[in-house]
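Dear colleague,

I am passing on to you the structure that we spoke about, with the sequence alongside.

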Amino acid sequence: MCGACPVGTGLIFLSDTIAPFTYTSEYSKITSVEAYQKWKEERKQSPKPMQPSEPVGFFEMGSATTITCDIDIKRASFYIMVK
């Protein structure tokens with residue numbers, strides 16, 4: 001697997017263009033389901049529309065070799081980034 005690296009937990013981002021992915025570093029502190037849920041609840045209080053640079057899901061691999069992730073904010077997108 002050229003360029004592959006193991007990922008245990010992370011965020012999921014969706015966008016129609018690649019540019020918003022460069023603005024995702026502020027979410028790097030979200031490293032657990034609890035932290036993501038807290039961010040999601042706080043975000044729901046904001047009247048601003050969701051931005052493509054904001055996460056739409058979180059995953060935890062644990063010891064599993066495959067997982068299915070729920071996307072909390074569904075929108076049609078061309079690109080997906082797992083971070």
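Read along the sequence, the chain follows the pattern β-α-β-β, and its secondary structure comes to one helix and three strands, where helices (H or I, at least four residues) and strands (E, at least two) are DSSP runs numbered from the N terminus. Please bear in mind that this is a predicted model, in which local features need pLDDT of at least 70 and side-chain atom pairs count only at pLDDT 80 or more, while totals for chains, interfaces and linings use all residues. Residues are numbered from 1 along each chain as its sequence is written, and side-chain values use heavy atoms, with hydrogens and water left out.

Overall dimensions

The C-alpha atoms of the chain fill a box of roughly 40 × 30 × 20 Å, taken along the principal axes. For 83 residues a compact globule would have a radius of gyration near 12 Å, and the 13 Å of this chain agrees with that; the radius is taken over C-alpha atoms, and the globule rule is 2.2 Å times the number of residues to the power 0.38. Buried residues make up 29% of the 83 residues in the chain, where buried means under 20% relative accessible area, exposed over 50%, and partly exposed in between, with a 1.4 Å probe and protein chains only. Of the contacts (heavy atoms within 4.5 Å) in the chain with a separation of 6 or more, 68% are accounted for by residues 24 or more positions apart.

The sheet

The three strands form an open sheet in the order E2-E1-E3, with antiparallel pairing; two strands are taken to pair if DSSP finds at least two bridges between them. E2 and E3 are the edge strands, each pairing on one side only, and the twist averages 25° from one strand to the next, with axes fitted as lines to C-alpha atoms (for helices over the stretch in contact) and angles running from 0 to 180 degrees between N-to-C directions. Strand E1 (residues 9-15) is largely enclosed by the rest of the structure, because six of its seven residues are buried. E1 pairs over four bridges with strand E2 (residues 57-60), and also over four bridges with strand E3 (residues 79-82).

The nonpolar cores and the aromatic rings

The largest nonpolar core has nine residues in all, namely Leu 11, Phe 13, Phe 21, Tyr 27, Ile 30, Tyr 36, Trp 39, Phe 58 and Met 81; such a core is a set of buried Ala, Val, Leu, Ile, Met, Phe, Trp, Tyr and Cys residues joined through side-chain atoms within 4.5 Å. E1 and H1 each supply at least two residues of this core. A second, separate core of five residues includes Ile 12, Leu 14, Val 56 and Phe 59.

How many aromatic pairs are there? The count comes to five, on the rule that rings of Phe, Tyr and Trp (its six-membered ring) pair if their centres lie within 6.5 Å, with planes under 30 degrees apart counting as stacked, over 60 as edge-to-face and the rest as tilted. The rings of Phe 13 and Tyr 27 have their centres 6.3 Å apart and their planes at 50°, so this pair is tilted. The pair links distant parts of the chain, since Phe 13 lies in strand E1 and Tyr 27, 14 residues apart from it, in the loop between E1 and helix H1 (33-44). Phe 13 is buried at a relative accessible area of 0%, and Tyr 27 is buried at 6%. Phe 13, Tyr 27, Tyr 36, Trp 39 and Phe 58 form one aromatic cluster.

Two further residues

Phe 21 is found in the loop between E1 and H1 and is buried, with a relative accessible area of 12%. Not counting residues up to four places away in sequence, Phe 21 touches Phe 13, Leu 14, Ser 15, Tyr 79, Ile 80 and Met 81. Tyr 79, in strand E3, counts as partly exposed at 29% relative accessibility.

With best regards
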